[in-house]
Amino acid sequence: MMKEITIRIDSVIYEFYRRIGETAGGIPVEQVMADALFKLAGELSLNAIHNKNKNE
């Protein structure tokens, strides 16, 4: 099941993600931001695993 959230962002940030989506073939801003957050979450998880393994 998907959850929906609402966030407020500065118009400059919105325009940044809008242009990325436009350049990528018309991807909606919401999808571009969701993909960016998902990628960041993956990178943070990998860093946490790496740090945990390094400390063991």
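How many salt bridges does the structure hold? The structure holds 4. This is a predicted model.

Side chains of opposite charge can pair when their charged atoms come close. Here, Glu15 forms a salt bridge with Arg19. Their closest N and O atoms are 3.1 Å apart.

Both residues, Glu15 and Arg19, belong to helix α1. They sit 4 residues apart, about one turn of the helix.

## How α1 and α2 cross

Two packed helices are described by the angle between their axes and the distance between the axes. Helix α2 covers residues 29-55. The axes of α1 and α2 come within 8 Å. They cross at roughly 95°. Angles of 65 to 115 degrees count as roughly perpendicular, so α1 and α2 are roughly perpendicular to each other.

Which residues in α1 meet α2? They are Tyr14, Tyr17, Arg18, Ile20 and Gly21. On the α2 side, the partners are Val29, Val32, Met33 and Ala36. By class, this contact of α1 with α2 has 7 nonpolar, 1 polar and 1 charged residues.

Ile5, Ile7, Ile9, Ile13 and Tyr14 make a nonpolar surface patch. Its area is about 470 Å². One of its residues, Ile7, lies in the segment before α1, and helix α1 itself spans 11-23. Tyr14 takes part in the patch and is also among the α1 residues that meet α2.

Notes: Residues are numbered from 1 along each chain as its sequence is written. This is a predicted model: local features need pLDDT of at least 70, side-chain atom pairs count only at pLDDT 80 or more; totals for chains, interfaces and linings use all residues. Side-chain values use heavy atoms; hydrogens and water are left out. Patches are made of residues with over 30% relative accessible area and no salt bridge: like charges are joined within 9 Å, nonpolar side chains (Val, Leu, Ile, Met, Phe, Trp, Tyr) within 5 Å. Accessible areas come from the Shrake-Rupley method with a 1.4 Å probe; for residues, only the protein chains shown count as cover. A salt bridge is a side-chain nitrogen of Lys or Arg within 4 Å of a carboxyl oxygen of Asp or Glu. Helices (H or I, at least four residues) and strands (E, at least two) are DSSP runs, numbered from the N terminus. Axes are lines fitted to C-alpha atoms, for helices over the stretch in contact, and angles run from 0 to 180 degrees between N-to-C directions. Angles under 35 degrees count as roughly parallel, over 145 as roughly antiparallel, 65 to 115 as roughly perpendicular and the rest as oblique. Contact means heavy atoms within 4.5 Å. Ala, Val, Leu, Ile, Met, Phe, Trp, Tyr, Cys and Pro count as nonpolar, Asp, Glu, Lys and Arg as charged, and the others, Gly among them, as polar.
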